[in-house]
Number of protein chains: 4
Amino acid sequence: MAELRSDLGWSTPDQVLVRGRDLAADVLGRRSFAWTTFLHLTGREPTAGQEAVFDALLVTLLEHGLTPSAMVARLTHLGAPEALQGAVAAGLLGLGDVFGGSAEAVSAMLREARADGGDDPADRVVASRRAARRPVPGIGHPVHDPVDPRAERLWALAAEHGLDGWYVQTMKQIGEAASRAIGRHLPVNATGAIGALACELDLPAGSERGLALIGRAAGLVGHVLEEQTTPIAREMWVRAEREVTQHALEEPPGGSA
Amino acid sequence: MAELRSDLGWSTPDQVLVRGRDLAADVLGRRSFAWTTFLHLTGREPTAGQEAVFDALLVTLLEHGLTPSAMVARLTHLGAPEALQGAVAAGLLGLGDVFGGSAEAVSAMLREARADGGDDPADRVVASRRAARRPVPGIGHPVHDPVDPRAERLWALAAEHGLDGWYVQTMKQIGEAASRAIGRHLPVNATGAIGALACELDLPAGSERGLALIGRAAGLVGHVLEEQTTPIAREMWVRAEREVTQHALEEPPGGSA
Amino acid sequence: MAELRSDLGWSTPDQVLVRGRDLAADVLGRRSFAWTTFLHLTGREPTAGQEAVFDALLVTLLEHGLTPSAMVARLTHLGAPEALQGAVAAGLLGLGDVFGGSAEAVSAMLREARADGGDDPADRVVASRRAARRPVPGIGHPVHDPVDPRAERLWALAAEHGLDGWYVQTMKQIGEAASRAIGRHLPVNATGAIGALACELDLPAGSERGLALIGRAAGLVGHVLEEQTTPIAREMWVRAEREVTQHALEEPPGGSA
Amino acid sequence: MAELRSDLGWSTPDQVLVRGRDLAADVLGRRSFAWTTFLHLTGREPTAGQEAVFDALLVTLLEHGLTPSAMVARLTHLGAPEALQGAVAAGLLGLGDVFGGSAEAVSAMLREARADGGDDPADRVVASRRAARRPVPGIGHPVHDPVDPRAERLWALAAEHGLDGWYVQTMKQIGEAASRAIGRHLPVNATGAIGALACELDLPAGSERGLALIGRAAGLVGHVLEEQTTPIAREMWVRAEREVTQHALEEPPGGSA
């Protein structure tokens, strides 16, 4: 029979331990949420610079306006106001391959390029992706053009804390190489910066989507609280249902009846 | 037709705004996740003391060992490893009335007592609850006895930052009054302290459960990452299924067939 | 140590058992999904009439157009196309007190009236609810006026199968009593009929919301499949975000900065 | 501006329409849940044989004992008893690539083999999978050996209704070819039969996981109702947490502090 083990947390009558640290004596009031989360996810205590950059990643991911996730949390609250946890969980479920997984794709691309070794990694990455007709993740943005202000700021923070190493440099070069290849300026976006910094912080592969879940949990709680005082979910519903009904009445769908 | 409005966030080509602040210029690298979350949920910038206490609340809620939520996240990952967001969302769904709502019950009890006015609020609260056979939330703990170390530490932080006002004092007195009434020492637990501090921070009613969702999102990401390298979900399943099967074979349930 | 027991299902090398019945030998191909679900939820084999009415309840709850739940499933799929289970689960999370719980409220009202005994239960229920300023669940509909065609059809089915007993009669009388009291025709709606029939079928209290979850799971799978070929989620998002952004730019929210 | 359209459902004052059919007049009491779900997912009315086999697929997926999904639903209910929808949604979130997606993998394998054309599709599929070190989905079972009774029964039903065409025959041959290649009897399991029958029914690709979600929704409602009267979630939690704590106290995890 296999044993059930976990290094993450346990309790004794007078202690709560997180990764072996005494939560009350050594963490609460001494360490930030970002510091403790970094420790929890990696088992390592972050340096001051790692903590600052990790904190900035969480803040970047916290809120981005009326996203599909925020709409989902509000629409779920409309039907189930008794369960805030349901509205927030529903919103988080949309942070998948498209919205939550893009930073993961960036990290995977960069880690693979690093493992491949060789010169000019950016040019090679862009060329091989274009040859395989695979998109280059982490570049371009429909609204933020010519630069994504979040990426610029994250680059500056990384430099300030000595965390602008190989992954950051290569991601910037990938942006430039892709722009040259496609003939149009494609700035590194927030996702690209987050993916590169996750590598600099040596976060476990796959944890990038986790950062989005943590940051956005805070964002979604905010949306549900605002929905409680300034509701918009019902209006979104009424408009959409009215339009669908109108189209259906004008051109009744056939089916095979 | 009603309008769709939100004060939380929006974007322009060169800015991302959160509660009207320029995320890149004024928040990233200058403000912590706790500061930004406080602003996001309340619309107010926290003082340094409010930020410190709010941060400590999130850290307190981050991890508490192999809770049902953590088991749920791991068991969900077992069947759906492609979707970290699903495992974390599943885990959060258990933060309801029992596990996530108890701090909410404390806040509501304290806010009601404050609104009622009068002397000796703690004695009145305990007496009226006992008369109505309603439990007093926020006191007692099956493991942490005689004191919950998290509550003690949160009280100390509150005092250090001048946030040990009416709500904190009344919650402490409720613990003492309940212990006298029941004839057994019942310490204020972490939930009691969190509920009282949510009132001191003037957080919106109902946001207490939201704090648990934010903190625990980080905890659950950690559990799924650990499950990926040191799995225990399958063993938990195999043991439980084997036992249920054994009992069923020994005493087959009847039904009405 | 308590034992882990369940009467619902288990397996042996040559059998899968559901409520003690051999799934392959005695259920598959011989019993409908409605029959098996009724057995599973109640431990009782339904009569032919119970099966027919129970099946009709599931069908009634299957699909109701572009509801908030359907919008949620589609918006979640937009961000996480890899996980159909996430989109469906997100949609189900909105079947709470407002959308999923109303049939539950009807059943509870009827069961309480039955337990209270006495004459003229409908008049007493309506009078006591009006006195307490509590709504009467299960009557009135914003679209279906003067009658909800689903309720009418469910009543007819119940009569056909001899299941129009005390609960059905009382629910109809409650609709009439409420209409007289309020001075406006308020037809029993689908929810009212479902709640009354759940009582006639002697389903466990609280299972009404479960019927909605089962039926709507099928509806939501349909919405996600349609979204894959005829997407509308992105358009719903773009419209809503554009409007929120426009309002925010015209009247920037202040905050307390 | 794109239009919002859906063929699935809409309402008028006197009608609720599902795929263009009048729900009250033409579906309720006349058509089963399986029939209506088939119509909803495909836009086609099933033949009597298609309805019977589709119904059997839903019944097969309804309940399979104390699975991880059932444990998740029960553990979630423990913390959030106010929200049945949350417990069921949490349980469904585990029906991903491993538990819910395997029938999908079978269908994809069979559809690809059909599209490839040629003789001896089963041998080619098995050989190419073994060469690529990819598993052959839909065969073998840890408990049901030498045959999976559900698969046998589903094959018999398919034959009875004339739905044992190319996909069913090829799946059976794949089971035999894989057994020969591996030198060990590997019966087609329930998943293999479901995947093959989804092809025979011409269900949309990707809907196989949807069938599991619909059937299992009923199973999970049953588990939460049983948990309300015969709880086991707390015991599962207590045992697991106790063991993790004991190991942690004996060998405190180090971390890098």
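Copies here are superposed by least squares on the C-alpha atoms of residues with pLDDT of at least 70 in both. Keep that in mind, because this is a predicted model.

Symmetry comes first. Take chain D and rotate it by 180°. Shift along the axis is 0.0 Å. Chain D then lands on chain B with an RMSD of 0.0 Å. That is how a two-fold axis relates its copies.

Which residue of chain D comes closest to the rotation axis? D:A90 does, with its C-alpha at 2.2 Å. And the surface?

Now to the strands of chain B. Start with β1(B), residues 9–12, and β2(B), residues 15–18. They pair in the antiparallel sense. Look for B:G9 in your viewer: opposite stands B:V18 in β2(B). A hairpin of two residues makes the link from β1(B) to β2(B).

Next, the other partner of β2(B). That is β3(B), residues 21–22. How many bridges join β2(B) to β3(B)? Two, and these strands run antiparallel. Here B:L17 faces B:D22 in β3(B), standing opposite. β2(B) and β3(B) also form a hairpin, again with two residues between them. One turn residue to check is B:R19. B:R19 has a positive phi of about 50°.

To recap: chain D and chain B are related by a 180° rotation.

Key
Residues are numbered from 1 along each chain as its sequence is written. Chains are lettered from A and ligands numbered from 1 in the order in which they are written. This is a predicted model: local features need pLDDT of at least 70, side-chain atom pairs count only at pLDDT 80 or more; totals for chains, interfaces and linings use all residues. Side-chain values use heavy atoms; hydrogens and water are left out. Two strands pair if DSSP finds at least two bridges between them. Helices (H or I, at least four residues) and strands (E, at least two) are DSSP runs, numbered from the N terminus.
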